[in-house]
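Student: I'd like to learn how to read this model feature by feature. Can we begin with the ligand and then move on to the fold?

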Amino acid sequence: MAKVRYVTHLDSVTSIPARERRRLAAVTERFAFRANTYYLGLIDWDDPDDPIRRIIVPDPAELEDWGDLDASDESAYKVAPGLEHKYEYTAVLLAHDFCGGFCRFCFRKRLFLEGNSEVSRDVEPGLEYLRNHPRITNVLVTGGDPLLLSNKRLDYILSELRAIEHIKVIRVGTKMAAFNPHRILDDPELVATLGRHSLPERKLYVMVHFNHPRELTPTAVEALNRLMDAGVVVANQTPLLRGVNDDPEVLGELFNRLSYIGATPYYVFQVRPTQGNKHLVVPIEEALSVFEEARSHCSGLAKRARLVMSHASGKIEIVGATGELIFFRYHRAADTHQRGRFMVFARNPEATWFDDYLRDGEVAAIPASIFGPRAKIGAEVSVLELLAEGGASV
Ligand code: SF4
């Protein structure tokens, strides 16, 4: 059994010079530090720009004034303690307020701050809501990291969810396979618990969180195989992060290696503008270009990911761009009337979030020569509407 030790004080990380540690104290006072000896061991300390270091080691740039604590307004969709219901068929159960490490880009860091009560130890009201809402077929158990719960507690939650007939898919969101794969490898009971709740016609998905191919160590790959051998479906999601995976070669390698292992590359997220993460944000149009180039190095199986923004109004796919225009589509919409809606905006290379295209209700002129007179200004235009008017050709 591997001995992995959790580290919550930077002073224990002696690979960081003492002077730098002192400088970072102001950062960790605001946003806590947490890592472990396995994950810190992946860092090349001779490289100040090491991508794993950027994921886990605090940075003075986190003190820059930027973003919100709840950038996607998740708490607005809270329907019971610890339960969010934003999309018709899907609910999110916040089962834990702790992770194997604290990612510096985390969009849920508010859960780790003192006084936050969005995660509830009592899941019963949330389960009751789920029992009473038969249109919910998908539940994402997340947090925080559910694989840090005791096996008994995790088993209880999964058993209760499985007892609800209309819930077909249970997803467990975790970064433990990257942060500390020994949590999976050293505990056969955990793997058996997950496997037991993955049924022939109602699978359990483990949504893993690899940001960089270097996290796919032989130990991590073994942990992924252990999960898949137990009958669990594994898919990966990652934000597109400055200095971590914003190089098409790196992102393409991540996609390819995941596909070789049998873990589906699922979502790539535009980083949510969350307090403390500005230095890790890549503007949307640059992210799209990195994403598309990365995909060009991949086989079909490796290019199944979608590039999306988890906006307050829904999950918006960044579909593509021409020289002057950028195209979005609601992949999931909080307002069912917006489902699948296709949107076109003039390009804005500075934009880091969907709101930047809507700023002040003003959008730069979309050339009339492309879309006809209706497209001159204003908010997004429906391509279908324009086509119906005979004004568009895309
Ligand atoms: S694993 Fe997820 S919830 Fe946990 S710190 Fe990282 S981004 Fe935040």
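This is a predicted model: local features need pLDDT of at least 70, side-chain atom pairs count only at pLDDT 80 or more; totals for chains, interfaces and linings use all residues.

Student: Which residues surround the ligand?

Tutor: Around the ligand you'll find Cys99, Phe102, Cys103, Cys106, Arg108, Asp145, Lys175 and His209. Sorted by class, this shell has four nonpolar, one polar and three charged residues. Here Ala, Val, Leu, Ile, Met, Phe, Trp, Tyr, Cys and Pro count as nonpolar, Asp, Glu, Lys and Arg as charged, and the others, Gly among them, as polar.

Student: On to the sheet: what is the order of its strands?

Tutor: Terms first: helices (H or I, at least four residues) and strands (E, at least two) are DSSP runs, numbered from the N terminus. Two strands pair if DSSP finds at least two bridges between them. In this model, twelve strands make an open sheet with mixed pairing, in the order β3-β4-β5-β6-β7-β8-β9-β10-β11-β12-β13-β14. β3 (78–80) and β14 (342–346) are the edge strands, each pairing on one side only.

Student: Where does the parallel pairing show up, say around β6?

Tutor: β6 pairs in the parallel sense with β7 (residues 169–173) over four bridges, and Val139 has Ile170 as its bridge partner in β7. β5 (residues 90–94) also runs parallel to β6 (residues 138–142), with five bridges joining them. Leu93 is partnered by Val141 in β6. From β5 the chain crosses through helix α4 (residues 124–131) to β6, a right-handed β-α-β crossover. Right-handed means that, with the strands pointing away from the viewer, the path from the first strand over the helix to the second runs clockwise. β6, helix α5 (residues 151–162) and β7 make a right-handed β-α-β unit too.

Student: And how many residues sit between the strands of the β11 and β12 hairpin?

Tutor: Two residues lie between β11 and β12. β11 (residues 306–311) and β12 (residues 314–321) pair antiparallel over four bridges, with Ser310 partnered by Lys315. β12 then forms a hairpin with β13, with three residues between them. Seven bridges join β12 to β13 (residues 325–333), again antiparallel, and Ile318 stands opposite Phe328 in β13.

Terms used:
Residues are numbered from 1 along each chain as its sequence is written. A residue is near a molecule or strand if its C-beta atom, placed from the backbone, lies within 6 Å of it.
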